[in-house]
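Before this structure goes further, please read through the points below alongside the coordinates.

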Amino acid sequence: MATCSSMLLARRTRTNLGALLRCSPRLLSPSRCWGSGASVAPGDGDHVLYTQEHYALKASLRKIIDKEINPFVDKWEEEGQFPAHQVFKTLGQAGFLGVNKQTEYGGLGLDFSYSIAVAEELGNIRCGGVPMAIGVQADMATPALARFGSDELKREFLVPTIAGDVVACLGVSEPGAGSDVASIKTTAVRKGDDYVINGGKMWITSGCQADWMCLLANSSNGPPHQNKSLICLPMKLPGVHVAKKIDKMGMRSSDTAQIFFEDVRVPSKYLIGEEGMGFTYQMLQFQEERMWGVANILTPMENVINETIDYTRQRKIFNQPVLHNQTVHFLLAELATDVELLRSLLYQAVALYIKGNDVTKFASMAKLKAGRLVRELTDSCLQFWGGMGFTNDVLVSRVYRDSRLMSIGAGADEVMLSIICKYMETLPSKK
Ligand SMILES: Cc1cc2nc3c(=O)[nH]c(=O)nc-3n(C[C@H](O)[C@H](O)[C@H](O)COP(=O)(O)OP(=O)(O)OC[C@H]3O[C@@H](n4cnc5c(N)ncnc54)[C@H](O)[C@@H]3O)c2cc1C
């Protein structure tokens with residue numbers, strides 16, 4: 001079903017671009033066009049990474065965002081959870097949950113640059129929580145499964161995830177291990193044909209609604225980088241306890257759970273790839289997660305700048321628009337420049353990645369800069385809104401809160417710096 005609609009989508013993106021753009025006059029407003037990530041398709045060859053097909057995919061997704069997601073975002077933010085099964089079904093049917101996954105499992109079979117285009121477009125959702133959960137489903141919990149999982153495992157877990165029939169989550173962090181992934185304590189002990197899981201996970205996005213978890217656990221007592229495995233863990237099994245939904249300052253519409261495992265028995269065939277390779281697989285999986293996160297934050301940054309321009313242009317103080325103060329329009333120009341610099345670094349990383357290169361250094365650099373820039377940008381823009389910026393009625397305050405996670409989640413800034421130092425060979429040896 002998903003394969004069918006995916007093929008239809010792919011065909012539509014190739015043939016109906018003009019019609020799509022005519023249907024979306026809002027996308028053509030000049031203020032939306034300054035960034036190279038704008039939704040409007042430039043001429044063929046006018047973009048370093050995206051073709052007309054990338055833009056058609058973005059335009060198609062934008063319609064779903066405007067109709068099925070954005071009208072409900074405020075309600076979901078207030079309720080502290082969005083209906084993941086409902087939203088994922090819509091996105092799955094349209095092909096957006098498996099853009100770079102194999103077609104035989106329901107994916108679109110496109111390269112990772114298309115996932116990045118989708119991540120950028122998802123940034124038009126007017127909160128961070130919903131796109132983050134979509135990212136977990138499409139590009140954070142599934143890359144290792146798609147790459148290393150057996151055919152049987154992919155049919156059981158990947159196919160329904162891409163179709164949007166089930167909700168996936170990623171279980172890496174624990175109460176005592178976030179930045180230091182190697183020190184996780186959850187165990188998966190082989191007993192007969194099963195693994196018996198004990199321990200717990202923390203900060204699990206979509207953890208309250210998930211049907212399965214891509215779990216990282218210690219499957220032996222060996223060295224910490226070689227004793228871990230990734231396992232597909234169904235969440236409805238006896239012994240899986242969702243202990244609590246964590247109350248957060250931002251990403252309000254995404255549920256974040258603490259989860260315990262007590263003698264949970266999982267068939268050993270649910271192991272992803274080879275036993276003992278889990279740490280390596282997760283580090284690889286992190287690269288896509290980090291590039292996805294950078295792409296996804298570019299659009300809110302662009303939108304916040306555009307909305308700040310609109311607001312400060314009409315808001316008059318001391319008989320002139322706020323925007324006419326040089327400190328305001330110069331700073332906005334500076335920030336827009338930084339967004340474009342970040343975008344260039346991301347596109348370079350993605351272009352190299354799809355050619356099969358190791359982009360750990362560039363992906364880490366982009367993730368580091370994204371976290372720092374979005375904090376600076378939202379703080380500066382919020383200031384120009386005055387008291388209005390301090391209300392919950394405007395995008396800038398929500399992005400200010402939601403994007404604070406960028407410097408913490410998926411590896412904190414300091415972890416990114418350590419990785420970059422490792423590649424620069426400046427990290428002191430632990431001996
Ligand atoms: C809303 C939200 C959603 C999340 N979703 C998921 C999810 O779906 N799945 C999942 O597995 N995890 C998830 N996480 C967890 C996230 O990845 C971790 O919070 C993150 O890795 C940091 O780990 P920690 O919170 O344990 O912080 P700690 O590891 O305790 O680190 C605390 C601080 O120490 C500093 N630090 C770290 N390393 C160094 C260093 N080498 N040098 C100097 N200082 C350093 C940093 O400033 C860091 O912020 C989520 C977190 C949040 C808040």
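How do the residues of the shell around the ligand divide into nonpolar, polar and charged?

1. This is a predicted model, and in it the shell around the ligand is made up of 12 nonpolar residues, nine polar ones and two charged ones. In total, 23 residues surround the ligand, and the closest are Val172, Gly178, Ser179, Trp203 and Thr205.

2. As to where the shell comes from, domain 2 (169–276) and domain 3 (280–424) each contribute at least three residues to it. By secondary structure, at least two residues of the shell are supplied by each of β1 (168–171), β3 (194–205) and α14 (413–424).

3. Helix α11, residues 326–354, contains 29 residues and runs 42 Å from its first C-alpha to its last, which is close to the 42 Å expected at 1.5 Å a residue. Just after α11, Gly356 adopts a positive phi of about 95 degrees.

4. The buried residues of α11 include Val328, Leu332, Leu335, Val339, Leu342 and Leu346, and among them are also Arg343, Tyr347 and Tyr353. The elements that cover these buried residues include α6 (112–122), α10 (278–314) and α12 (360–384).

5. Helix α10, which is part of that cover, is itself mostly covered, with 27 of its 37 residues buried. Its length also agrees with expectation, because 37 residues at 1.5 Å a residue should span 54 Å, and the end C-alpha atoms of α10 are 54 Å apart.

Definitions and conventions: Residues numbered from 1 in each chain as written. Predicted model: local features only at pLDDT ≥ 70, side-chain atom pairs only at ≥ 80, totals over all residues. Near = placed C-beta within 6 Å. Helix = DSSP H or I, 4+ residues; strand = E, 2+ residues; numbered from the N terminus. Nonpolar A, V, L, I, M, F, W, Y, C, P; charged D, E, K, R; others polar. Domains from an automatic or database assignment. Expected span 1.5 Å × (residues − 1). Buried ≥ 20, exposed ≤ 12 C-beta atoms within 10 Å, placed from the backbone. Contact = placed C-beta atoms within 7 Å.
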